[in-house]
Amino acid sequence: MNVQTTPTATIPAQDVVPLTPRIGAEIRNLHLSGDLPAAVVASLKSLIARHKVVFFRNQTHLDDASHEAFARLLGDLVPHPTQKIRDGSDAVLELDSGHGGRADQWHTDVTFMPAYPKYSVLRGVVMPDVGGDTIWGNTATAYDDLPATLRHLADSLRAVHSNAYDYASQRPKATEAEQKHYHEVFRSTAYQTEHPVVHVHPETGERNLLLGSFVQRIVGLSKSEGQKIYEIFQNYVTAPENTIRWRWQAGDVAIWDNRATQHYAVNDYGDAHRVVRRVTIDGDTAIGIDGRPARALG
């Protein structure tokens, strides 16, 4: 069934295959394009909110233009603030393993900005025969799993996120090309934002831990104290029962709610080539449970 041809259709329940109880679903029999009916797009957004990340196989018809056209159905596109987008596109970012594109740290995309993307749409272009998986963690169920005492602590904290961090300590095995890409491209302009450690999802109302590798410090704590607290909370995000691991094939597409997840690109494929292309959709400024928004720091 191609739901694209049925103007009033939604995504049939039998075409949605949950992959774990907490996070991830594969959606079958849907041909992604820029002219999907509004009802299908609304159904898709609902599924993303429920499953946090959804996957599609066999989308080899997509190129950069149709990738962007589809992503526009989810909202306004936003280019990466420091990295160069592909020629001829509005927001397509290429992550090429041969040019430093190995995102092997747990992170939420672009949290060094106050309004970081709401969705990321990632397309597999070139994939290793073995390896190169991506793992996602559910930051809402991670919060729910915290003991009450830790939830109260997390609710009260704020953290500073930045794209200017100690790259060498976080990626000690990075190649010379990867180090060069980080210093000359990724942190070409340095940003800092103070976020609530717990933010309220603007659509679901769920509370989510807002952490990841862009966190530099916890406000009001020493570096060592903040690191210990960070690790306690972060371990809930990355607990195996809270994650989904996707084995990529060329032509796959993953869409995730960037406000409710972290992800990690597994760097286990050596010199094999891996290329993915990503489009992100503009989001809103994160709001803590006390109503205080994130704020950019000078």
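**Aromatic pairs in a predicted model**

Trainee: Which residues do ring pairs link into a cluster?

Mentor: The model is a predicted one. In this model, ring pairs join four residues into a cluster: F55, W136, W246 and W256.

Trainee: How many aromatic pairs are there?

Mentor: Rings of Phe, Tyr and Trp pair if their centres lie within 6.5 Å. By this rule, the count of aromatic pairs is six.

Trainee: Is the pair of F55 and W136 stacked or edge-to-face?

Mentor: A pair of aromatic rings is described by the distance of the centres and the angle of the planes. For F55 and W136, the centres are 5.3 Å apart and the planes stand at 70 degrees. Planes over 60 degrees apart count as edge-to-face. The pair of F55 and W136 is therefore edge-to-face.

Trainee: How many residues apart are F55 and W136?

Mentor: F55 belongs to strand β3 (residues 53-56), whereas W136 belongs to strand β7 (residues 134-138). The pair thus links distant parts of the chain, and the separation is 81 residues.

Trainee: Is F55 buried or exposed?

Mentor: Buried means under 20% relative accessible area. F55 has 0% relative accessibility, so this residue counts as buried.

Trainee: Is the pair of F55 and W246 stacked or edge-to-face?

Mentor: The ring centres of F55 and W246 are 4.2 Å apart, with 5 degrees between the planes. Planes under 30 degrees apart count as stacked. The pair of F55 and W246 is accordingly stacked.

Trainee: Which strand holds W246?

Mentor: The pair of F55 and W246 links distant parts of the chain, 191 residues apart. F55 is in strand β3, and W246 is in strand β13.

Notes. Residues are numbered from 1 along each chain as its sequence is written. This is a predicted model: local features need pLDDT of at least 70, side-chain atom pairs count only at pLDDT 80 or more; totals for chains, interfaces and linings use all residues. Side-chain values use heavy atoms; hydrogens and water are left out. Helices (H or I, at least four residues) and strands (E, at least two) are DSSP runs, numbered from the N terminus. Buried means under 20% relative accessible area, exposed over 50%, partly exposed in between (1.4 Å probe, protein chains only).
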